[in-house]
Amino acid sequence: MSRAGDQPLVLGIETSCDETGVGLVRGHTLLADALASSVEEHARFGGVVPEVASRAHLQAMVPTVHRALAQAGVRLADVDAIAVTAGPGLAGALMVGLAAAKAYALAVDKPLFGVNHLAAHVAVDQLEHGALPEPALALLVSGGHSSLLLVRDVTAEVTELGRTLDDAAGEAFDKVARVLGLGFPGGPYVERAARQGDPEAIVFPRGLSTPRDLATHRHDFSFSGLKTAVARWVEARRRDGQDVPVADVAAAFQEAVVDVLTRKAVTACRDTGVGHLVLGGGVAANSRLRAVAQARCEEAGIVLRVPSPRLCTDNGAMVAALGAQMLARGREPSRLDAPADSSMPITQVLAAGGAG
Ligand code: KG4
Ligand code: ZN
């Protein structure tokens, strides 16, 4: 341990997409959260270009680690464990982070925890609101995933109650932003445009919400029909030579997403008898989602926990937070041959490595 009586110090590295994130956490305390983003290099393509992201991670890795250490006022030798995103994410991008984490773990002779990115999105809440209640329900909404999770133990026991059958919520925000001629990634731009709009100006479809859908896909989501409905509506206006009311379309689309996400999350809490809901992932930064979730949870007697917006989008602190929890619970570290797994399932919170 770095200092007698202190909780262990964990360095977390995140490179699953376009953010190089390095965080330092001691127990539940956030000490540093350094971020380098390649988002501007992808913006003109309207989506993340994997090769460009991998190269940017390579360039940013060492400087970002140094920045995090300086922010926290610690040395690499003080670190008690290294945590890193092992998956899911872009394979090449993950490999850069994992290779760096292994090198750091070897250099300081400390354990390595290759962790699941999605579980890290849930674990990060502990940095602001203390230990997670067990069990908790989590609504995980990011650019690649939209799931309802039953979290019995964020270091070992996470099960999926439902997931999106097609697009993730964040992906829908990104695609609708493109249709409306807004920037990338779309979520923050759509949110900003929606502030001036009327959410009831247009009624867009709520996916998998009819009684029949609820019988077969009670906890699942679908956003591709919504995305297509928005695109068709906008095309029809343009075809007729009419202006597109961007703010109204953004507000009505956002309302449809938020309505379904919050309704289904509350239903899942009721069905499982779980009294705590945690939001996680980039879309959880959305202020309308946060507000509606708060109102509906209050109404249903559910305690809502939401990390601050900066900790909802990808960052290294969330990986360090989950790593710190792994150490605290005495979990067996990953082996140094732990692979990057671009489609790591949420049921696997920790990468073991090796064949056995
Ligand atoms: O968790 P995240 O940073 O990366 C992934 O793991 O995918 O999530 C990124 C996604 C993007 O699709 C982005 O548009 C969305 O989160 N997002 C938002 C907001 N901020 C980011 N969506 C809606 N409202 C926001 N304020
Ligand atoms: Zn993420």
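**Entry 1**

I began with β6 and β7, which run antiparallel and are joined by 6 bridges; two strands count as paired if DSSP finds at least two bridges between them. I noted that strands (E, at least two residues) and helices (H or I, at least four) are DSSP runs numbered from the N terminus. The model is predicted, so I kept in mind that local features need pLDDT of at least 70 and side-chain atom pairs count only at pLDDT 80 or more, while totals for chains, interfaces and linings use all residues. Residues are numbered from 1 along each chain as its sequence is written, and side-chain values use heavy atoms, with hydrogens and water left out.

I found that a hairpin of 4 residues joins β6 to β7, and that V141 has S146 in β7 as its bridge partner. On to β8 (residues 157-163): 6 bridges join β7 to this strand, again antiparallel, and the hairpin that β7 and β8 form has 3 residues between them. Here I looked up V151, whose bridge partner in β8 is V158. I also checked how covered β7 is, and 7 of its 8 residues are buried, where buried means under 20% relative accessible area, exposed over 50%, and partly exposed in between (1.4 Å probe, protein chains only).

**Entry 2: helix α9**

I compared the length of α9 (residues 224-239) with what its 16 residues should give: at 1.5 Å a residue they should span 22 Å, and the end C-alpha atoms are 22 Å apart, which agrees. The expected span is 1.5 Å times one less than the number of residues. In α9 I listed L226, V230, A231 and V234 as buried. They cover an arc of only 135° around the axis, which puts them on the same side of α9; the arc is that of the directions from the helix axis to the C-beta atoms. The face turned away from this buried side carries the exposed R232 and R239. The buried residues pack against α6 (169-179) and α10 (246-272), with contact meaning heavy atoms within 4.5 Å.

**Entry 3: the nonpolar cores**

I then turned to the largest nonpolar core, of 49 residues, in which L139, F204, F253, L261, L277 and L279 touch the most other members. Such a core is a set of buried Ala, Val, Leu, Ile, Met, Phe, Trp, Tyr and Cys residues joined through side-chain atoms within 4.5 Å. Its largest share, 14 residues, comes from α10. I noted a second, separate core of 34 residues, which includes A83, V154, L311 and A324.

Conventions
Chains lettered and ligands numbered in written order.
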